[in-house]
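Here is a short report on one structure. It covers a surface patch and a sheet.

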Amino acid sequence: MGTGASRNAEGGSHGGGEREESLDQDGSQFYVSLKMENYKKKGDLIPHVYGSVPLVGSWDSSKALSMERESASMWELSFVVPPNHETLDFKFLLKPKHGYAPCIVEEGPNRLLTGGTLLGDARLALFKLETEEVLEYRVFIKADRVSPFDLAASWRAYQDNLRPSTVRGIPDVSIDAVPETGHENGSSASLELDLEHYVVPAPSTSANSGLVYAANLAETPRSLSHAGVSVDRPPTIKEMEVVIPDPSKVYSVSGMVESKSVGTFSPFQKQDSHRGLFVDRGVGSPRLVKSASASTFSFDLKLDSETKNSMPAAAGAVAAAAIADQMLGPKEDRHLAIVLVGLPARGKTFTAAKLTRYLRWLGHDTKHFNVGKYRRLKHGINQTADFFRADNPEGVEARNEVAALAMDDMIAWMQEGGQVGIFDATNSSRSRRSMLMKMAEGKCKIIFLETICNDERIIERNIRAKIQQSPDYAEEPDFEAGLRDFRNRLANYGKVYEPVEEGSYIKMIDMVSGHGGQIQVNNISGYLPGRIVFFLVNMHLTPRPILLTRHGESRHNVRGRIGGDSVLSDTGEIYAKKLATFVEKRLKSERAASIWTSTLQRTILTASPIGGFPKIQWRALDEINAGVCDGMTYEEIKKNMPEEYESRNKDKLRYRYPRGESYLDVIQRLEPVIIELERQRAPVVVISHQAVLRALYAYFADRPLKEIPHIEVPLHTIIEIQMGVTGVQEKRYKLMD
């Protein structure tokens, strides 16, 4: 019996006794689900089921099986039937919850379920009460043939859910007393006094961007590379011809500017047969195509899965918003240019680098174009402050030239499928911004991002960091001489600086300190610009460490099972104590620090020995949901679900477990965590799970999305991310093997 055994995918019969015999031989059993639904609650009558072997064994109503309440109106009973009993003979009855009142048996003949099919017509379950009132229940009956493995997996999940949680009494926000010191001396949980003893090398692709000048991490100028320009030899003017719009002939930008809806097509859109909107539906699925000449959607299976398009590699809200913006907005809005504006040493490049990292992590194809990098490659690094004077026509022409080069590169990249370009330069005059808007007309939407800082202390710190790190002063041995030259450069820019008052813009006024400030927006709309504003509101430069670590080894880790909500192993409990000692030593002077965990007990138990800091449970930090594979080993998945196993191996980033999540889903639910980590000014210890920490680490290390499922995050290791004005730096501590 069982619909899974008696019907194929198209509804036809498998036919023949050989198939039934083979199913019996493989040990399969029948899973039966009985449900009753009634919206009119009647006293304390509980639905039950009774019948012959193998259901109950007798028609004794006192031995009837109680149905469980599934919802306010639905009752359910599920059970397994051995394959040698293929006929069920049963009826429903109602029993009072309290007392010994007689049972009420349903009217009509017995129900017979044979070979997965209910014999006779499907009917309501009718119960005649003593008052002659008839109570009606809708009946749902389902039978499936399942393997012993599936039954075992279901039983494991049932047992895990049935077992009471060891952390149920711990509130979502708690703080424990500081543990007494010295009680662990000589124990397996003790640590060396010097934490540097536990430092291990970080991977080569670590988050140590703070060791590199941020502008050098920007996009490599390909127009200069194509012309054969190298860092060592600046090119001559004849090596490359650049057409620069004449600012005097550019339209006026005073007041509000309305962008003209002049569309462009990416390479695949220029082909008539493939024109329209493309949405990646997941591994092995066709792409959804909206024809330019049709109002309905159709499937096109001939598209190359690697075809570039303007849709983000994302799920959830990001994907939904991108589709809406693509379908409803002007064509040029499909590509967004964030054009930085501001005097030097105001944090423009820092802001550009952080915004680039955030948008890439969300799934938007984003690149950072730094005009200073173009200038150094084109004209060398030994340019004095005179080069930046507004009354130096050669300098003005040279700077406009490299700005046009960078803008051309950015627009060309967008037309090849790029989504968001961050254009990093002072752009301090209205004529320069007018030139950029003319170049972008009909090709991308420009939003100006102006950074204003009035804090002389922060400006002085940035100036000194600039002299120490910028390639412009790499060959200047005298720090004070470099400092004087840069101050003169600042003065030259300040004489002609014109604040942004045109077009769409975002103004950040004294926001970098993290202690208030203002943010002003004008003519900003759409999902992505809104997310950018939200990110910028929470961003600041305050240095602080973020510690990432997996929970201590769990019993599921020992057994090689994924997911679940198991407790710690003995080794995991030792790590929890070592971690508490480490946190106490590392953050002893940081009493404003906090501990974040998931809602799963293995992370809460790992954090439990840590005292003196508030602990916050985040549902968003829970491990990736493995769906129906929860509690299984990868070998079991490979053996019993080979298609799922292969699909996961082909694309671990986009693969979604049946009834579970993908890595892209995890990234979407982690966005509030990232925003809050950016907003925090005190240290944070995040105790979470492998997939979640891979996604968080990828944000700080600016790792490509495709690498996230393969990032190494070992057990019993702490990854310290140091965030500050110079960027992101990483250090790893391995407390135990």
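## Surface patch

A residue is called buried under 20% relative accessible area, exposed over 50%, and partly exposed in between. The model is predicted. Leu124 has 35% relative accessibility, so this residue counts as partly exposed. Leu124 sits in the loop between strand E9 (117–118) and strand E10 (125–128). Together, Leu124, Leu126 and Val134 make a nonpolar surface patch of about 210 Å².

An open sheet is built from 8 strands, with mixed pairing. The order is E12-E25-E24-E26-E23-E27-E28-E13. Strand E12 (173–175) and strand E13 (199–200) are at the edges. Each has a single partner strand, so one side of each has no neighbour in the sheet.

E12 runs antiparallel to strand E25 (residues 614–617), joined by 3 bridges. Ser174 has Lys615 in E25 as its bridge partner. Helix H18 (residues 663–679) packs on the sheet. H18 touches E23, strand E24 (594–597), strand E26 (684–688) and E27. The direction of H18 makes about 145° with that of E23.

Is strand E27 (residues 717–724) mostly covered or mostly open? Mostly covered: 7 of its 8 residues are buried.

E27 pairs with strand E23 (residues 544–550) in the antiparallel sense, over 6 bridges. Here Arg544 has Met723 in E27 as its bridge partner. E27 also pairs with strand E28 (residues 727–734), again antiparallel, over 8 bridges. The bridge partner of Thr717 in E28 is Lys734.

Technical notes. Residues numbered from 1 in each chain as written. Predicted model: local features only at pLDDT ≥ 70, side-chain atom pairs only at ≥ 80, totals over all residues. Heavy atoms only, no water. Buried < 20%, exposed > 50% of the residue type's maximum accessible area, 1.4 Å probe, protein only. Helix = DSSP H or I, 4+ residues; strand = E, 2+ residues; numbered from the N terminus. Pairing = 2+ DSSP bridges. Patch = residues over 30% accessible without salt bridge, like charges linked within 9 Å, V, L, I, M, F, W, Y side chains within 5 Å. Areas by Shrake-Rupley, 256 points an atom, 1.4 Å probe, with all protein chains shown as cover. Salt bridge = Lys/Arg side-chain N within 4 Å of Asp/Glu carboxyl O. Contact = heavy atoms within 4.5 Å. Axes fitted to C-alpha atoms, helices over the stretch in contact; angles between N-to-C directions.
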